[in-house]
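Subject: Structure handed over, with notes on what was found

Dear colleague,

I am passing on the structure below, together with notes on what came out of going through it. Please read the notes with the structure open beside them.

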Amino acid sequence: MQYLRWELRYQRDGHSIDTLLDRGVAYESLPQWYREEPELESWDIFYHNAFWRLSTERSVGFAMGPIPHSKVLAYGYDAGLSSGTMVLFEAVIRHMDSAYVEWSSDQQTKARRANSQPDIPVGRNKTKKPR
């Protein structure tokens with residue numbers, strides 16, 4: 001899970017890190033979150049890859065939906081997982097999916113706040129919304 005959060009932050013802020021690296025900034029001077037990249041354990045690579053592949057199956061409308069249960073099961077069985085292992089697989093994917101949906105929602109909220117405009121004063125104790 002830590003790696004997923006690190007990766008999401010890198011997707012958002014990585015262009016700044018790449019620019020710093022291109023300019024020859026010392027590694028020690030890079031932001032702490034970047035230098036503390038969690039290690040993706042070998043057994044986690046399967047879950048990580050499965051999550052990103054399954055993430056394309058989610059419904060997207062007014063709000064991002066979860067990865068459909070049927071797609072998680074189909075992926076697991078296609079990968080040859082037993083029914084006993086499927087319980088763990090689904091729990092891991094659900095946990096990752098919840099973190100991803102929460103991250104995405106937070107980013108959208110921050111973007112809306114950053115793009116919102118304050119009311120415009122139009123007279124004594126009166127304001128109006130910008131167009």
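**The loop between helix 1 and helix 2**

Ala26 has its place in the loop between helix 1 (2-22) and helix 2 (32-35). Please keep in mind throughout that this is a predicted model. With a relative accessible area of 37%, Ala26 is partly exposed, and its C-alpha atom is separated by 35 Å from that of Ser98, a residue 72 positions away along the chain.

Tyr27 is likewise found in the loop between helix 1 and helix 2, and with a relative accessible area of 44% Tyr27 is partly exposed. If residues up to four places away in sequence are not counted, Tyr27 touches Tyr34 and Arg35. Between the C-alpha atoms of Tyr27 and Tyr10, which are 17 residues apart along the chain, the separation is 15 Å.

**Helix 3 against helix 5**

Turning to the helices, helix 3 and helix 5 pack with their axes 10 Å apart and at an angle of about 60°, which makes helix 3 oblique to helix 5. The crossing of these two helices is right-handed. On the side of helix 3 the contact involves Phe46, Tyr47, His48, Ala50, Phe51, Trp52, Leu54 and Ser55, and these meet Leu88, Phe89, Val92, Ile93, Met96, Asp97 and Tyr100 in helix 5. Sorted by class, the residues of the contact of helix 3 with helix 5 comprise 12 nonpolar, 2 polar and 1 charged.

Val92, which lies in helix 5, is one of the residues in this contact. At 22% relative accessibility, Val92 counts as partly exposed, since buried would require a value under 20%. The C-alpha atoms of Val92 and Tyr47 are separated by 7.3 Å, although the two residues are 45 residues apart along the chain.

**Aromatic pairs**

How many aromatic pairs does a search of the whole structure find? The search finds 10 aromatic pairs, and two of them are described here. In the pair of Tyr47 and Phe89, which is stacked, the rings are 6.1 Å apart centre to centre, with 25° between the planes. Because Tyr47 lies in helix 3 (residues 44-55) and Phe89 in helix 5 (residues 83-115), the pair ties together parts that are 42 residues apart in sequence. Tyr47 counts as buried at 14% relative accessibility, and Phe89 is buried too, with a relative accessible area of 0%.

The other pair, formed by Phe51 and Tyr100, is edge-to-face, with 5.7 Å from centre to centre and 70° between the planes. This pair also links distant parts of the chain, given that Phe51 is in helix 3 and Tyr100 in helix 5, 49 residues apart. Both Phe51 and Tyr100 are buried.

Beyond these two pairs, there is a cluster in which ring pairs link Phe46, Tyr47, Tyr75 and Phe89.

**Helix 4 and its two neighbours**

The axes of helix 3 and helix 4 (residues 69-78) come within 11 Å and cross at roughly 135°, which makes helix 3 oblique to helix 4. Helix 3 passes helix 4 in a right-handed crossing. From helix 3 the contact takes in Phe46, Asn49, Ala50, Arg53 and Leu54, and from helix 4 it takes in Lys71, Val72 and Tyr75. By class, the contact of helix 3 with helix 4 has 5 nonpolar, 1 polar and 2 charged residues.

Helix 4 also meets helix 5: their axes come within 10 Å and cross at roughly 130°, which makes helix 4 oblique to helix 5. This crossing of helix 4 and helix 5 is right-handed as well. His69, Val72, Leu73, Tyr75, Gly76 and Tyr77 of helix 4 make the contact with Ser83, Met86, Phe89, Glu90, Ile93 and Arg94 of helix 5. The residues of the contact of helix 4 with helix 5 divide into 7 nonpolar, 3 polar and 2 charged. Tyr75 and Phe89, both named in this contact, also belong to the cluster of linked rings.

Terms used:
Residues numbered from 1 in each chain as written. Predicted model: local features only at pLDDT ≥ 70, side-chain atom pairs only at ≥ 80, totals over all residues. Heavy atoms only, no water. Phe/Tyr/Trp six-rings, centres within 6.5 Å; stacked < 30°, edge-to-face > 60°. Helix = DSSP H or I, 4+ residues; strand = E, 2+ residues; numbered from the N terminus. Buried < 20%, exposed > 50% of the residue type's maximum accessible area, 1.4 Å probe, protein only. Axes fitted to C-alpha atoms, helices over the stretch in contact; angles between N-to-C directions. Parallel < 35°, antiparallel > 145°, perpendicular 65-115°, else oblique. Left-handed = near helix turned anticlockwise from the far one by under 90°. Contact = heavy atoms within 4.5 Å. Nonpolar A, V, L, I, M, F, W, Y, C, P; charged D, E, K, R; others polar.
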